Every structure is written in C-alpha cells, then in structure tokens.
Amino acid sequence: VVSIAIGTLVTIAVQSSSVTTSALTPLVGLGVLDLGNMFPLTLGANIGTCSTTVLAAFATMDLHGMTIAFCHLTFNLLGICLFYPIPLLRRIPLYEAN
C-alpha cells in the first residue's frame, strides 16, 4: 500500500505515469529494484495519472469532463482493489513480465 501511494505521489508530481515507469524500468533491468517491488509503484502511477484529468475537469467545471475524469479514476481504483489483494491474480502480470 505504501508503494502504491509513493507511485501515486511521484506521478502527481511529474504529471506523467510514463515518466514514473520509464524511470523505474532501467532500475529493474539493472537489478537495483525487484520486479515485485516495481509492480505496486506502477499501479500507483496509474492512479496518479488520473490526477491530471481530475484537475482539468475541475478547471473547466464541465459536467461531462468531470464524469469522464471520475470514471477513469474509479476504473483504476476498482481494478487495483479487486485484483491486487488476491496473491494469485497479483502473480499473473509478474509472471508475464519475467
């Protein structure tokens, strides 16, 4: 949970999940960071990237924009809450990444 929060905060700070994951990928390749430790950081990056859309929706105060922004956030949060807590499901992307 702490790693997910860190991934979220870093992505909010840089406003790009691509930057967050691109910075982590070489660390895994070098063996500095374990793939299992990168996974929750990447999930946090997916949550953090929603912050840009939520901020843009609040800036425009457009109802349709807010609806889409919160659908995006809800989709990411529900996906993490449904699949990450189950160890068997958590192992699937890690197995595929190896």
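A crossing of two helices is called left-handed if the near helix is turned anticlockwise from the far one by less than a right angle, and right-handed if clockwise. By this convention the crossing of H4 and H5 is left-handed, whereas that of H1 and H3 is right-handed. The structure is a predicted model, in which local features need pLDDT of at least 70 and side-chain atom pairs count only at pLDDT 80 or more, while totals for chains, interfaces and linings use all residues. Residues are numbered from 1 along each chain as its sequence is written, and side-chain values use heavy atoms, with hydrogens and water left out.

The protein chain holds 6 helices and 0 strands; helices (H or I, at least four residues) and strands (E, at least two) are DSSP runs numbered from the N terminus. The order of elements from the N terminus is α-α-α-α-α-α. Along the principal axes, the C-alpha atoms fill a box of roughly 45 × 25 × 20 Å. Of the 98 residues, 30% count as buried, where buried means under 20% relative accessible area, exposed over 50% and partly exposed in between (1.4 Å probe, protein chains only). Among contacts with a separation of 6 or more, 58% join residues 24 or more positions apart; a contact means heavy atoms within 4.5 Å.

Helix packing was examined next. Two packed helices are described by the angle between their axes and the distance between the axes. Axes are lines fitted to C-alpha atoms, for helices over the stretch in contact, and angles run from 0 to 180 degrees between N-to-C directions. Angles under 35 degrees count as roughly parallel, over 145 as roughly antiparallel, 65 to 115 as roughly perpendicular and the rest as oblique. The axes of H4 and H5 come within 8 Å and cross at roughly 160°, which makes H4 roughly antiparallel to H5. On the H4 side the contact is made by Cys50, Thr53, Val54, Ala57 and Phe58, and on the H5 side by Gly65, Met66, Ala69, Phe70, His72, Leu73 and Asn76.

Helix H1 (residues 2–14) and H3 have axes that come within 6 Å and cross at roughly 45°; the two helices are therefore oblique to each other. Residues Ser3, Ile4, Ile6, Gly7, Thr8, Thr11 and Ile12 of H1 meet Pro40, Leu41, Leu43, Gly44, Ala45, Ile47 and Gly48 of H3. H3 also packs with H4, at an angle of about 10° and with the axes 4 Å apart, so H3 and H4 are roughly parallel to each other. In this pair, Asn46, Ile47 and Gly48 of H3 meet Cys50, Ser51 and Thr52 of H4.

Ile4, in helix H1, is buried, with a relative accessible area of 12%. Leaving out residues up to four places away in sequence, Ile4 touches Pro40, Leu43, Gly44, Ile47, Ile80 and Tyr84. Ile4 and Cys71 are 67 residues apart in sequence, and their C-alpha atoms lie 19 Å apart in space.

Aromatic rings of Phe, Tyr and Trp (its six-membered ring) pair if their centres lie within 6.5 Å; planes under 30 degrees apart count as stacked, over 60 as edge-to-face and the rest as tilted. By this rule there are 2 aromatic pairs. In one of them, the rings of Phe39 and Tyr84 have centres 5.9 Å apart and planes at 45°, so the pair is tilted. Phe39 belongs to helix H3 (residues 35–48) and Tyr84 to the loop between helix H5 (63–83) and helix H6 (87–97), so the pair ties together parts that are 45 residues apart in sequence. Both Phe39 and Tyr84 are buried. In the pair of Phe58 and Phe70, the ring centres are 6.0 Å apart and the planes stand at 80°, so the pair is edge-to-face. Phe58 lies in helix H4 (residues 50–60) and Phe70 in helix H5, so this pair ties together parts that are 12 residues apart in sequence. Phe58 is partly exposed, with a relative accessible area of 42%, and Phe70 is partly exposed at 35%.

The charged end of Arg90 sits over the ring of Tyr84, 4.4 Å from its centre; the criterion is NZ of Lys or CZ of Arg within 6 Å of the ring centre and within 35 degrees of the ring normal.

Backbone angles were also considered. Most residues other than glycine have a negative phi. Gln15, which is not a glycine, has a positive phi of about 55° and is placed in the loop between H1 and helix H2 (17–30). Met61, also a residue other than glycine, has a positive phi near 55°. Met61 is in the loop between H4 and H5 and is exposed, with a relative accessible area of 58%.
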